[in-house]
Amino acid sequence: EKRQRNRLSDAVMEILADEAEPVDSDSQVQLVTALKHCLTKLPPRSRSMIEMLYEDEKKPAQIAEEINWEVNGVYVALSRARSQLKACVNAKLKQAPAE
Amino acid sequence: MKQQELEKLVEGFLNDSLSSSEWDRLNTELESSRESRDIFRDSIELHGGLAEFHSLRDSIIPITDFAEDLPRQRTERSLWPLAATLTFAVIAIGVLGLFVWKLSLTEVGIAEIVSSDSQPKGTLKKGSFSIDSGFAEIEMSSGARFAMEHGTTVRLISGNRIRLVDGTIGVIVPKRARGFTVETDQGNIVDLGTRFGVSVDSQKQLAKAELFSGEIEIHSDGEITTFRGKNVITLTDSEPPRRVDGSVEPQNFPMPKTTEVIPIVKGDFELGENYQIADSSEVRLGVWGGNYAKIVSESQGISPYAGEGMLKLVSSGPDEMASGRRFCDVLQWVDFRPYVLEGATISARAYINRVAGDEKTDTQFELKLSAHRALGGEKLIEWNTSRLADSDPETWEIIQCSGQLLPDTQYMVLRIGASENQLNNTEPGEIEFDGHYIDHIEMKLILPARPAVR
């Protein structure tokens, strides 16, 4: 079977859909609430990049130009910031009282 | 595949920067590994949450209240380029629902530098803002204004919302911008019509708000605390917002341009208690003194400009009249000691009216302001203006006067009256002023934007 280029393949989409668990609005609220807390725990540079990406809606290349970094450096920093956020959010969600 | 490589591919996916070969590798990995799919799904979920969080901050709804508003908020978003890919995946996966994005405000100005000693005036867009040197006054599109100095960093989030990352700002919020919010990591300060200062020490994770007047709410950890009047409040990570001892010190904050209404006692000349104009030789704060004048209700076909009362100017006084004096005026000493007057401008205005009379009826009114270092002392500077009142008793004319104050001014004298510019009556029994009235005197102090006073 020929693989479709530059997007998730149909096969991957189907598997992801099969494995998906329903997510209700409460858990989305919990996620965003945890994120609000965890963003304050990020180092200033990481937080600033996350804000430029999501709040200012800048692309990594624009961020790199603005802070005078290589684009790859921005990717790495964003990836690290996401990892930190993920760890913090998971810890925070585990603390949240069960409904 | 190593987790590090997968994370790099996921990052490329989220940033829409995968090459064809990387797409192939990502597809292959996701197809073959349940663990990689879990990591991928977690990353998308986090990405959607981050987008949701930041787009919610554009709304006027306090961030602490967003739980109830989340579903409604989500309906008005449009797509961001990256979101096209993501949304496709998300919808297909059926995991996250629609994490689509608010219409980009990136290119739209949401604030303006209105004055600065170091920055050119200009529009500011969403994002981080700091200045290399000096001082700047920023006006948000909502009308809220704040001042900041070198060393302070803010993020402009929307037309009525900022985050103070580090440093100190002074804020003035007009009624139309009520709800202006200053976010800090320790809590959000929501204006309810007021002026206040905020400082953030990001190293110590400490924020402090000083409320100079009005009312604010502090939203912290889902709790809302309201403060009114002068208050010093600390915000920390570990405790709810707390009022602390100590007086507010506006001079420690850079402040935007401010207009203070200076209270003039009985400036509306309203009826009520039997108010007497004092002898002008008495030097007392907050009382009208001067020549023969009295507060009256509607009189000689002239109704007060506002309310039920107005001041009627009668004469310069028997002795003065005989000496040929041509004025009838009243004055009030006003205390200016509470104000920092560097670069300040004073402005006064009043409404004047007279009877139609005839060719001998005087028409001229005068308004004078003088600045003094001591109560009853010599004047440092004086401004005056005159205006002719028309012969239509139904209309009130405005007379106004203004000038730039000297910083060492401690007191001001506001003096207003009429002058005999047509006929100077000098004989006892003659009427100097046929029917000359004043109403609704106001005085305003305009303080320019300034850096903190250190």
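Chain B exposes about 20,200 Å², and carbon and sulfur atoms supply 47% of that area (Shrake-Rupley method, 1.4 Å probe). This is a predicted model, where local features need pLDDT of at least 70, side-chain atom pairs count only at pLDDT 80 or more, and totals for chains, interfaces and linings use all residues. Residues are numbered from 1 along each chain as its sequence is written, and side-chain values use heavy atoms, with hydrogens and water left out.

**Chain B overall**
- Chain B has six helices and 25 strands (DSSP runs: H or I of at least four residues for helices, E of at least two for strands).
- Take the contacts (heavy atoms within 4.5 Å) in chain B with a separation of 6 or more: residues 24 or more positions apart account for 59% of them.

**A look at B:Thr226**
- You'll find B:Thr226 in strand β11 (residues 223–228) of chain B.
- Leaving out residues up to four places away in sequence, B:Thr226 touches B:Glu215, B:Ile216 and B:Glu217.
- B:Ile216 sits 10 residues away from B:Thr226 along the chain, with 5.8 Å between their C-alpha atoms.

**Helix pair in chain A**
- Helix α3 (residues 44–54) and helix α4 (residues 60–67) of chain A have axes, fitted to C-alpha atoms, that come within 10 Å and cross at roughly 135°.
- The contact is made by A:Arg45, A:Met49, A:Met52 and A:Leu53 of α3(A) and A:Pro60, A:Ile63, A:Glu66 and A:Ile67 of α4(A).

Key: Chains are lettered from A and ligands numbered from 1 in the order in which they are written. Axes are lines fitted to C-alpha atoms, for helices over the stretch in contact, and angles run from 0 to 180 degrees between N-to-C directions.
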